[in-house]
Structures are given as C-alpha cells and as structure tokens.
Amino acid sequence: MNKEICYKCERKATSREHVPPICLFPEMKDTKGINYRKDLITVPSCDVHNSKKSDDDEFLLLSLSGLMKNNPVGNFHQITKANRSLKRKNKDFIEKQILRNHKYAKIKTTDGKFRLVSIGNPNTERLIDCLEHIAYGLYYQEFEERFEGEIKMVLEFIEYADENMQTFKKMLKKSFELEYESNREIKGENPKVFYYQFLKPDNFGLIALRMVFYETAETYVSFKGKNAKEPFDLGMKFIQNGFKTTFEVGDEKFEFNK
Ligand SMILES: [Zn+2]
C-alpha cells in the first residue's frame with residue numbers, strides 16, 4: 001500500500017476507494033439476502049480523492065437510483081436506501097441538489113401499479129464529474145495505471161438540447177450494441193447494479209468505455225491519452241465544422257448537421 005499512488009493524482013495512496021461508490025450497491029438487509037456486493041472494485045486513493053467524495057456519492061445514489069427506466073433492483077434501491085437518505089435532508093434538497101424545477105409525478109408501471117417519480121432537470125455537470133471519477137477508477141483497474149489525458153463523456157439517459165449530440169448519443173449506443181454482439185465480455189460481478197465494457201484502442205489510440213447502472217443508465221466514455229493522435233477522427237472534424245455528415249454503423253445511418 002505504501003508505494004501505491006492514487007488512481008486520480010500523483011499523491012501517495014492512503015486508502016482504497018470503491019469504484020463505483022459502494023452506496024450504489026444495495027445492502028443485504030434490503031435485498032432479502034441477495035448479495036449485490038460481490039467482489040466490488042477498489043482502487044488506491046489519496047485523502048483528497050477519497051474523503052471529499054461522500055457528498056458526491058450520495059448525489060450519485062439519488063440521481064441514478066431515481067431514473068424511471070431502471071430495473072427492479074434500481075427501483076427497490078430507490079425506495080429503500082435512497083429514500084432513507086432523503087428523509088435526513090431538508091424538503092428542498094432535491095430541488096437544490098439533484099433536479100432543478102423538481103416535481104413529483106405518478107406513473108403507471110408495467111405491472112399496473114402506480115409509482116411516484118421525480119421529474120426535473122438533472123444537474124448534468126455534477127453527474128459528469130462524479131461519473132468521471134468512476135471512469136478514472138475503472139481505467140486504473142483495467143490497465144493498472146493512472147489515466148493521463150482527456151476524457152469525453154456522453155450520458156445516454158440525458159436529453160441533449162443540441163441535435164448533433166442527440167444523434168451522436170444514438171450512434172454511440174448502436175456502436176456499443178454491435179460490439180456487444182461480437183464480444184459479450186462485460187465486467188462487474190453485480191451486473192444488475194453495475195457492469196462495464198472497454199473497447200480496444202482504435203487506430204488513433206482512443207479507448208472507449210461503456211458503464212451501465214441498474215441495466216439502464218448508460219454512460220459512454222472516451223479516453224484520449226497523451227499519445228493519441230490529433231485530429232483523432234476526420235468525420236468528427238466535419239461534424240464540428242458544421243458539414244452535413246453521415247455515418248453508417250451496422251445497418252443504421254446517422255446524419256449530422258442535417
Ligand atoms: Zn488523489
């Protein structure tokens with residue numbers, strides 16, 4: 001442990017950090033004995049990148065477990081752990097911290113029951129910040145070294161105002177689906193709570209990662225290391241400069257700047 005360096009910075013590691021945070025994984029007392037905390041991943045962490053995160057962990061718990069399309073494990077985690085955590089907060093906590101323009105709504109679930117859900121605009125910046133930490137941790141776990149470079153992230157469960165971003169998001173989803181058909185090697189010992197998949201580096205040295213929470217909340221990450229080439233993709237340059245560009249992924253076409 002002494003010689004180990006933090007997964008996120010150059011400081012010496014003083015503890016180990018759960019990746020993703022342990023609070024996302026239901027406890028046995030809430031799951032009738034099913035163990036959703038099998039072989040959780042931990043990485044070496046310095047004081048700064050471990051202790052400062054408890055607020056963020058709770059934010060992530062409330063943001064991700066509250067998503068409408070989640071599987072039953074996610075839903076159940078919301079009505080148990082997440083709601084217990086909310087009870088300790090002020091009434092306007094959700095509005096201030098989790099969702100702007102927060103409202104409750106009743107929706108009918110597939111089994112015909114009604115469920116109370118929160119509607120509002122998520123705090124995307126903070127979400128991305130939290131998810132980035134997880135991405136760094138998983139990179140460390142996968143490659144046994146700290147990632148240095150640039151991270152880009154697209155959240156599948158967020159509606160982007162920018163039309164190109166929406167298309168880009170769908171294209172990434174399709175790319176990972178295709179990859180998954182040929183290579184079903186997902187990682188994570190508790191896939192109903194969390195699993196992930198790394199794609200091999202492309203010609204430009206770019207590494208892609210898909211992280212999936214509660215079988216629903218997908219996040220796509222690209223790691224552009226120090227040595228990756230620039231520009232890393234001509235097609236992307238066209239998109240950025242406003243040219244009408246079409247990509248084909250499998251049997252689907254994705255049009256940008258229509
Ligand atoms: Zn650190």
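Colleague: Where does Lys 32 lie?

Modeller: Helices (H or I, at least four residues) and strands (E, at least two) are DSSP runs, numbered from the N terminus. Lys 32 lies in the loop between E1 and E2. Please note that this is a predicted model, in which local features need pLDDT of at least 70 and side-chain atom pairs count only at pLDDT 80 or more, while totals for chains, interfaces and linings use all residues. Residues are numbered from 1 along each chain as its sequence is written, and side-chain values use heavy atoms, with hydrogens and water left out.

Colleague: Is Lys 32 buried or exposed?

Modeller: Buried means under 20% relative accessible area, exposed over 50%, and partly exposed in between (1.4 Å probe, protein chains only). Lys 32 has 83% relative accessibility, so it counts as exposed. Its phi is near 50°, a positive value in a residue other than glycine.

Colleague: What is the relative accessible area of Thr 31, and which residues is Thr 31 in contact with, leaving aside its neighbours within four places in sequence?

Modeller: Thr 31 has a relative accessible area of 10% and is therefore buried. Its place is in the loop between strand E1 (15-18) and strand E2 (42-45). Contact means heavy atoms within 4.5 Å. With neighbours up to four places away in sequence set aside, Thr 31 is in contact with Pro 26 and Tyr 36. By comparison, 29 Å separates the C-alpha atoms of Thr 31 and Arg 126, which are 95 residues apart along the chain.

Colleague: What kind of peptide bond joins Val 19 and Pro 20?

Modeller: The bond between Val 19 and Pro 20 is cis, with omega about -10°. Pro 20 also lies in the loop between E1 and E2.

Colleague: Where is the place of Tyr 214?

Modeller: Tyr 214 is in the loop between strand E8 (206-213) and strand E9 (217-225). Phi of Tyr 214 is near 50°, again a positive value in a residue other than glycine. At 0% relative accessibility, Tyr 214 counts as buried. Thr 216 lies in the loop between E8 and E9 as well, and at 12% relative accessibility Thr 216 counts as buried. Not counting residues up to four places away in sequence, Thr 216 touches Lys 69, Asn 70, Asn 71 and Glu 156.

Colleague: How many disulfides does the count come to?

Modeller: A disulfide is a covalent bond between the sulfur atoms of two cysteines. The rule applied here asks for a pair of cysteine sulfur atoms within 2.5 Å. By this rule the count is zero. Cys 23 is in no disulfide, and the nearest cysteine sulfur, that of Cys 130, is 9.8 Å away. Cys 23 has 13% relative accessibility and so counts as buried. Cys 6 is buried too, with a relative accessible area of 1%.

Colleague: How many helices and strands are there in the chain?

Modeller: The chain has seven helices and 11 strands. Its radius of gyration is 19 Å, close to the 18 Å that the globule rule gives for 258 residues, so the chain is as compact as a globular protein of that length. That radius is taken over C-alpha atoms, and the globule rule is 2.2 Å times the number of residues to the power 0.38. Along its principal axes, the C-alpha trace spans about 50 × 50 × 35 Å. Buried residues make up 45% of the 258 residues.
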